[in-house]
Amino acid sequence: MRGQTFKQGAQAAVPTALGYIGIGLACGIMASPYMNPLEMGLMSILVYAGSAQFAMIGLFAQQAPVLAIALTVFLINIRHLLLCLHASTLFRKASLMQNIVIGSFLTDESYGVLMGEQVHTEEIAASWMMGNNFMSYTSWILGTILGTALGALLPNPESFGLDFALVAMFIGIFSSQFTIMLRRVKIKKLFFVLGVVGLAYLLLTMLLQNSLAVLFATLLGCMVGVILDDK
């Protein structure tokens, strides 16, 4: 029976893990002028957020103050509040501690793997999700450490433009999740919600920072989706 064991969760996350190693290499190479492999490994262990770590590297390069770095990381990662809120509804039988562990290691990609598994499995075990998260976590740490070590051997690693690798991975994740959503949601409803999110984001960027605009546009899209589901 799928969706139950730690091993099954780890196996489901193998494609994500391979992608994390590639993106981690890019992140590590970008970070190599500013930190050594040990420092990068500690960052990946404690922060564990690809987009935030790419942003941190850029702020390190600009010698930004610690408060600015902390606030940037917070705003970039605040979207995980929404992901964790939804993921927790799928593990109501799990203990509070298990949900805390799941939420602490949840990423966009492991959440995407979870949504893909939900299509095939009615009830997913907390142990499966921990396997999913663990595989992604360890591969990201390994990738960033190796990337930093490799970057130290390359002259001017910033010239490679490797920060685009994370964007490319997000595009790949979205395309696969969009295909799954098309099977479960009427296409008119789906495009309407996406249109609301896109329009709200464009309007909110005139008033707010990009990170806050993303958060509020997503919240508005969630609200519209719930209202449409009730009809």
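A crossing is left-handed if the near helix is turned anticlockwise from the far one by less than a right angle, and right-handed if clockwise.

**Entry 1: ground rules.** I am working on a predicted model, where local features need pLDDT of at least 70 and side-chain atom pairs count only at pLDDT 80 or more, while totals for chains, interfaces and linings use all residues. Residues are numbered from 1 along each chain as its sequence is written, and side-chain values use heavy atoms, with hydrogens and water left out.

**Entry 2: overall make-up.** I looked up the elements and got 12 helices and 0 strands. Both kinds are DSSP runs numbered from the N terminus: H or I over at least four residues for helices, E over at least two for strands. From the N terminus on, the order reads α-α-α-α-α-α-α-α-α-α-α-α. Of the 231 residues, 41% count as buried; buried means under 20% relative accessible area, exposed over 50%, and partly exposed in between, with a 1.4 Å probe and protein chains only. I also checked contacts (heavy atoms within 4.5 Å). Among those between residues at least 6 apart in sequence, 76% join residues at least 24 apart.

**Entry 3: H2 on H9.** I took helix H2 (residues 14–31) and helix H9 (residues 126–151): their axes come within 6 Å and cross at roughly 30°. The axes are lines fitted to C-alpha atoms, for helices over the stretch in contact, and the angles run from 0 to 180 degrees between N-to-C directions. H2 and H9 are therefore roughly parallel. The crossing of H2 and H9 is right-handed. On the H2 side I noted contact residues including Ala-17, Tyr-20, Gly-24 and Gly-28, and on the H9 side Ser-136, Trp-140, Gly-143 and Gly-147 are among them. By class, the H2–H9 contact has 12 nonpolar, 10 polar and no charged residues. In this scheme Ala, Val, Leu, Ile, Met, Phe, Trp, Tyr, Cys and Pro count as nonpolar, Asp, Glu, Lys and Arg as charged, and the others, Gly among them, as polar.

**Entry 4: H7 on H9.** Helix H7 (residues 96–104) also packs on H9, at an angle of about 25° with the axes 9 Å apart. That makes H7 roughly parallel to H9. H7 passes H9 in a left-handed crossing. Gln-98, Val-101 and Ile-102 of H7 meet Ala-126, Met-129, Met-130 and Asn-133 of H9.

**Entry 5: H4 on H5.** Helix H4 (residues 50–61) and helix H5 (residues 66–77) pack at about 155°, axes 9 Å apart. That makes H4 roughly antiparallel to H5. Their crossing is right-handed. From H4 the contact takes Ser-51, Ala-52, Ala-55, Met-56, Leu-59 and Phe-60, and from H5 it takes Ala-68, Ile-69, Thr-72, Val-73, Ile-76 and Asn-77. The H4–H5 contact divides into 9 nonpolar, 3 polar and no charged residues. A reminder on spacing: an α-helix has 3.6 residues a turn, so residues three or four places apart point the same way.

**Entry 6: H5 and Val-73.** I ran a length check on H5: at 1.5 Å a residue, its 12 residues should span 16 Å, and the end C-alpha atoms are 17 Å apart, which agrees. The expected span is 1.5 Å times one less than the number of residues. Buried in H5 are Ile-69, Val-73, Leu-75 and Asn-77. Val-73 has a relative accessible area of 16%. Leaving aside neighbours within four places in sequence, Val-73 is in contact with Ala-52 and Met-56.

**Entry 7: positive phi.** Most residues other than glycine have a negative phi. I flagged Tyr-48, whose phi is near 45°, in the loop between helix H3 (37–46) and H4. At 10% relative accessibility, Tyr-48 counts as buried. Gln-63 has a phi of about 55° and sits in the loop between H4 and H5. Gln-63 is exposed, with a relative accessible area of 72%.

**Entry 8: Met-223.** Met-223 lies in helix H12 (residues 210–230) and is partly exposed at 48%. Met-223 and Val-193 are 30 residues apart in sequence and 9.3 Å apart in space, C-alpha to C-alpha.

Notes. Angles under 35 degrees count as roughly parallel, over 145 as roughly antiparallel, 65 to 115 as roughly perpendicular and the rest as oblique.
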